[in-house]
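Colleague: I'm new to this one and would like to learn how to read it. Could you walk me through it a feature at a time?

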Amino acid sequence: MDQVYIRPSHLDDALEALNAYGDRAHILAGGTDLLVRMRHDGIYPEVILDLGALGELRKISRDGDDIHLGALVTHRQIEKDAMLAGEAGMLVSACHQVGSVQIRNSGTIGGNLANASPAGDAVLALYLLEAAVHLQSKHRDRWVPVGEFITAPGQTTRRADEIICGVRFKRLPPDAAVFFEKVGQRQAVTISKASAGGIVRISQGCFQECRLALGAVAPTIIRLPEVEAALAGSPVSPQVIDRAAALAAATCHPIDDIRSTVAYRRHLVQVLVHRGLAAMVASAQSA
Amino acid sequence: MLIAKVLHSPVAHARIKNIDVSKAKSLPGVAAVLTYKDLPRVVYATAGQSDPMPGPLDTFSLDNKVRFVGDRVAFVAAETEEIANQALKLINVEYEELPFIIDPRSSMSDGAVKIHDEPEYVVHDLSDPNKNVAAAIRIDIGDLDNGFSEADQIIEAEYKVPKVHQAHIEPHVSISYWDENDRLVIRTSTQVPFHVRRILAPVLGLPMKRIRVIKPRIGGGFGSKQEVLIEDVVAHLTIATKRPVRYEYTREEEFIAARSRHPMIIKLKTGVKNDGTITANEMYALSDTGAYGCHALTVTGNTGHKAMALYTGDGKYRKAPNIRFYADIVYTNTPPSGAYRGYGAPQGFWAVERHMETIAAKLGMDPIQFRLKNCLRAGEIHPFSIAWSEGREPKPEYIQTIGIEQCVHQGKSAIGWDQKYGKQEWRDSTDKPYLKRGIGMALMMHGTAIAYLDMGGASIKMNEDGSFNLLVGATDLGTGSDTVLTQMAAEVLGVPVDDFIVYSSDTDFTPFDKGAYASSTTYISGAATTHAAAKVAERIRVRAAMILNDRTDGAPVKPDEIILKDRRAHASDGRAVTYSEIGHHSLHHKDQEQIMAVASYVSPVSPPPFAAQFAEIVMDIETGQVKVEKLVMAVDAGRIVNPVTASGQIEGGMTQALGYAVCEEMTYDDKGAPVERDLVDYHIFRADEMPELETIFVETFESSHPFGVKAVAEIPLDGVAPAVANAIYNASGAMLYENPATPDRVWKALQKQKIN
Ligand SMILES: Cc1cc2nc3c(=O)[nH]c(=O)nc-3n(C[C@H](O)[C@H](O)[C@H](O)COP(=O)(O)OP(=O)(O)OC[C@H]3O[C@@H](n4cnc5c(N)ncnc54)[C@H](O)[C@@H]3O)c2cc1C
């Protein structure tokens, strides 16, 4: 069977092609997931729709407090962007910790979203930012919150004729402290055993707002609503942080797999949440 | 050329009840499909070792039984790779599944299923297929009980090491064809071309003289290619189809159907006096050879022979050490273990060097002082040399050169030991309270070739223009041995290396060499090359004297006065003859002869290289993550012939050893299926992840070799894992008994340490 390869230069043409081919087409962005799967799992898409020439999806843009990342923005672009560090710091650290420089130069935010890995790093930051995913088809145009977009490992609510065009989120207020850390088998180019991120705002000695997310400990990235609720309004104290970390470990449901065990993952959740909160408190208080 | 593929077993242990290849055979483009029914039933061993094979014969090219997930079921040859893969899917196999063994601890239990029940099985020494024992070792040196009775303390512990993979970049690949003289040529990526020819002849039913094995340039082996692993596949298919056939392993096949490093469970029991004198040392190793006994005896023999020889004890124990090394090497239904650079020693040193650290801590002694107090010294006998020699007659070997104290001294100062070890401020000098620094070390010894067994041959022929053909059996697998051997010949003959045309490892053309293993090439093949060069040099001197004396323009010259330098033979009176003149004279002008010599070398000793390995780490005491920041290895490998290739060996070796230390491990699920099947799930270190490496050569002159060399190739695999684990202990107090030091494992060790 011959493979059809299409590389349109305009979004409209890409949407047109996807409308025609539907689920026979497979979208190619940076290829860091797709090519591995093609070689490894022997998947052989009938049509490859390469988005690489869609320059319009490669931009990072701003409108007031809104930040928009085109789907083809790479991890490296995010890591190197001069302003993002102040606007969404944990997104920058998450992207900085993806794979190796080569992977970061090719891998895109759209691919990271579509891939829907529970260990996705950039996506974890998007959960914290409560980003909305922009999906477009020939006939439709819609925005879906990231937490609703991803449903299971490798599963999203993207329809066969839709392209992820980008994501949008609000920049964090200047007093927000942020955090991201992951633990893997080795330092680089590794899949997380567990990862964690957070955003905290403190005023008058109390947690005002707190968002926490975990990766690799559930079928999708998860937020920790119980812990967040318990923290909101609580005074900043070591005991409160201890309790929050313990609650996080108790409420998550990690699994045993080849990369790690339940007991260790649960322990990591406790350590990472504790460490994250402590670090955010320290940075908020020094600011 | 046809492409070969192999159908691998999906089950861990089964008899093939029925196998139907008719559909596969009728697929257009398929040239042959072979099953056990098509091949003569010849039992052999795949380990590339000298005759007689030091292990059981328990393997068939194809059998009616499969013994691990990945074992061979059928061979296919087809016009293209796609067709061959397609044909594999069309083979119908009915398996009668049998109980299987994954955990080596249950191999010898009563009632355990017999993995080798074939009547053709040939036992070797203590092997007993009825008990799933491929090999067993019982070595007693001195009087162990007496040694323990003289001890103030006895320290016991159990250690564990995983199976790991060589991960050479080039996979196994072989091509075979009938040549114009109806001889079977096998071009193969091997470390042992001569063993391939010898071992395959009966398997293929061909006289040895009808087989030619050629080793072209190859891309690494690390022991994995000290195995006759896939040559029989192409050869059987060439014989069946009369056509050239090529077979190349996929990366997945390398993981599921090649050889790897033996996993072991090692028990150590050591008696010490309160002053730190070791009075008795006992090791028991349960070694898992997987489904076949390739290298079973010799790898595990090396575990004791290297790791248990280093510490004889101090005082009277130096002359009369009390050492016991027992081992059982058992079958399981997992992919076979085999040769992997280090060959048993990394397993042994993991246990011994962790144990020494623990004992020093218990005694409250400095771990380095404690080691040096008990370790071998120059002039002493290698304790195992009189006790064991792989089943051959043991003969005494005395240690001549031992630079271990210098290695410690120079290694310590390179890593800044005295400023760091036991210094709280240094340990805490990180930017996070949960990050701690640690420093650790290990001592090791290895061997250089196998005494009285390993032979290498070389021949050198002189041409008219003064160039030389150097033919060596030695196998350069990317190590640069062709270069190093040429350097030695060039040094003796007084010419630059580019005057040599070197050709190696072709069973039709080059002299025999047992191949590239046992850290032997520079030493054994180098000595053979040096001796051949010396013989050629002798003929050159005779010829030069003849020419000069015929000239009558000076006083008569004797050959032994002549010095060979700068492509000339120089008389002491300043007259000289060029090599080109000598070449022409010998081949064309007078008393014509071919100046040529062959020499071979076998050593009565296996002089051990010694080394000190140092490691510096930073670890996260909450998550258990360990980052190795610096490795320093100081090595006494005798004289260094080529500093670039020698330090390359050390750096490459430490890179592989670091994987063993912190992240590499092959695991199997409860059905025996390999979990890691590619380099994504199996982590080897990449260049950009490596810590700073430093190599220090402490040069000694090993008088048993013409250039004073000892081995350098395997010793860097031995010490990194225990040195890193000792650094973890130094940083956190956590005791690791099992490697690699993954975050999970380190965390568990930290938990235990908190309880204690
Ligand atoms: C060695 C290695 C290390 C890695 N390390 C990490 C890591 O540390 N952290 C991490 O999170 N990930 C990691 N990854 C995974 C991967 O790099 C990221 O998920 C990356 O963001 C994927 O982006 P891509 O553009 O390369 O995706 P592609 O491979 O091009 O596509 C991936 C999937 O997304 C779909 N897709 C891509 N773009 C769109 C779009 N615009 N609209 C609709 N569908 C789309 C494709 O059809 C495909 O199914 C690693 C991968 C490798 C090979």
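Modeller: Happy to. Let's begin with a term: a polar contact is a pair of N or O atoms within 3.5 Å, and within protein one atom must be able to donate a hydrogen and the other to accept it. One caution before we use it: this is a predicted model.

Colleague: Okay, how many residue pairs are in polar contact between chain A and chain B?

Modeller: Five, counting pairs where both residues are at pLDDT 80 or more. On the chain A side, the elements that give two or more residues to the contact with chain B are β11 (177–183) and α12 (262–286). The largest share comes from α12(A), with six residues. Sorted by class, that side of chain A has eight nonpolar, nine polar and six charged residues.

Colleague: And how do I judge the size of the interface?

Modeller: The size of an interface is often given as the accessible area lost when the parts come together. Here, about 1900 Å² is buried between chain A and chain B, and carbon and sulfur atoms give 50% of that. In residues, the contact takes 23 from chain A and 20 from chain B.

Colleague: How many salt bridges cross the interface of chain A and chain B?

Modeller: The general idea is that side chains of opposite charge can pair when their charged atoms come close. Two salt bridges turn up across this interface. In one salt bridge, A:R275 meets B:E622, with N to O at 3.0 Å. Over all chains, the whole structure has 75 salt bridges.

Colleague: Now the ligand. Which residues come nearest to the ligand?

Modeller: There are 33 residues around the ligand, and A:I27, A:G30, A:T32, A:L34 and A:T108 come nearest. Then look at the polar atoms. A polar side-chain atom of A:D121 is 2.7 Å from a ligand nitrogen, while one of A:K182 is 2.9 Å from a ligand oxygen. A:G99 uses a backbone N or O atom instead, 2.9 Å from an oxygen of the ligand. Taken alone, the ligand exposes 990 Å², and the protein buries 88% of that.

Colleague: Which element gives the most to the shell around the ligand?

Modeller: That's α7(A), with five residues. The elements of chain A that each supply at least two are β2 (25–28), α2 (34–40), α7 (109–115) and β10 (163–170). By class, the shell divides into 13 nonpolar, 15 polar and five charged residues.

Colleague: Last one: what should I look for in the backbone?

Modeller: Look for exceptions. Most residues other than glycine have a negative phi, and most peptide bonds are trans. In chain B, the bond from B:D51 to B:P52 is cis, with omega near -5°, and B:P52 is in the loop between β3 (30–34) and β4 (65–66). Another cis bond joins B:N739 and B:P740, with omega about -5°; B:P740 is in the loop between α18 (720–732) and α19 (743–755) of chain B.

Colleague: Where is A:E130 placed, and what is its phi?

Modeller: A:E130 is in the loop between α8 (121–129) and β6 (132–136) of chain A, and its phi is positive, near 55°. B:H295 also has a positive phi, about 60°, and lies in the loop between β15 (278–290) and α7 (296–307) of chain B.

How values were computed
Residues are numbered from 1 along each chain as its sequence is written. Chains are lettered from A and ligands numbered from 1 in the order in which they are written. This is a predicted model: local features need pLDDT of at least 70, side-chain atom pairs count only at pLDDT 80 or more; totals for chains, interfaces and linings use all residues. Side-chain values use heavy atoms; hydrogens and water are left out. Contact means heavy atoms within 4.5 Å. Buried area is the accessible area (1.4 Å probe) that two parts lose on being put together, summed over both. A salt bridge is a side-chain nitrogen of Lys or Arg within 4 Å of a carboxyl oxygen of Asp or Glu. Helices (H or I, at least four residues) and strands (E, at least two) are DSSP runs, numbered from the N terminus. Ala, Val, Leu, Ile, Met, Phe, Trp, Tyr, Cys and Pro count as nonpolar, Asp, Glu, Lys and Arg as charged, and the others, Gly among them, as polar. A residue is near a molecule or strand if one of its heavy atoms lies within 4 Å of it. Accessible areas come from the Shrake-Rupley method with a 1.4 Å probe; for residues, only the protein chains shown count as cover.
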